[in-house]
Amino acid sequence: MSQQEKEQTIALSAIFQAAELVATLAKTGKLDKDYLKPLIDSILVVNPDSTEDIYGGQWDCKSNLALGRRVARQALGKERASVNPDTLRYALSLIHLESKLAKEDAILSALGKGIQQLDRQKAHYDDVLHENMMAAISGVYQDTLSTMAFRIQVQGDSRLLQQPAISNQVRATLLTGIRAAMLWRQLGGKRWHLIFKRKALLNALDAR
């Protein structure tokens, strides 16, 4: 097991955590904020010293991404049938959308500027999960990723998804998934690795 594979599982865990949170939120209107916060924080980490630092550092990274690590292990292992189909779809869609984003220089530039603005706004709120911050993050997603030809279609309770607070949380969480998918690609991760390198990734997930 290589250091690269270990780091790839951090990104993969974050992708699956975002996907699972979106799937749950869209159907129930609820999510675990303890798992959402490290994902939201990751958007604002621009120059980390290590991959683990993006998600809370060496000591907290494992617990912060525990949900995503569990779901990723199930999705890549023998328990795939137990994973919410929407979670799998969102995870793969996040990786696909980010691969399209990587070729869109103008949208990437706009996304970078949007994140800089978010970093300035963060100073005004004690909690990064404040509804105004979530609305601002959602706005960045709408102004950038929602303008692309490929879009992630979120399925769930339409009454919930029509509520601004919940739709903002959905888009904000999707943006954290894009951030994780970007990290996955930067660490050498490919979509086909989820099929042909499953054993190596599972070993790395079990070792974390």
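How are H1 and H4 oriented to each other: roughly parallel or roughly perpendicular? They are roughly perpendicular (the label for angles of 65 to 115 degrees), because the axes of helix H1 (residues 3-28) and helix H4 (residues 66-76) cross at roughly 95 degrees. Those axes come within 7 Å.

A quick note on the model: it is predicted, so local features need pLDDT of at least 70 and side-chain atom pairs count only at pLDDT 80 or more, while totals for chains, interfaces and linings use all residues. Residues are numbered from 1 along each chain as its sequence is written, and side-chain values use heavy atoms, leaving out hydrogens and water.

Now for the charges. The structure holds seven salt bridges (a side-chain nitrogen of Lys or Arg within 4 Å of a carboxyl oxygen of Asp or Glu), including these:

| Pair | N to O distance |
|---|---|
| Glu5 and Lys197 | 3.8 Å |
| Asp86 and Arg89 | 3.5 Å |
| Arg159 and Asp157 | 3.1 Å |

Glu5 sits in helix H1 and Lys197 in the loop between H10 and helix H11 (198-207), so this pair links parts of the chain 192 residues apart. Glu5 is buried at 13% relative accessibility, while Lys197 is partly exposed at 22% (buried is under 20%, exposed over 50%, partly exposed in between, with a 1.4 Å probe and protein chains only).

Asp86, in helix H5 (residues 85-101), is buried too, at 9%. Lys27, Asp86 and Arg89 are linked in a network of salt bridges.

Note on methods. Axes are lines fitted to C-alpha atoms, for helices over the stretch in contact, and angles run from 0 to 180 degrees between N-to-C directions. Helices (H or I, at least four residues) and strands (E, at least two) are DSSP runs, numbered from the N terminus. Angles under 35 degrees count as roughly parallel, over 145 as roughly antiparallel, 65 to 115 as roughly perpendicular and the rest as oblique.
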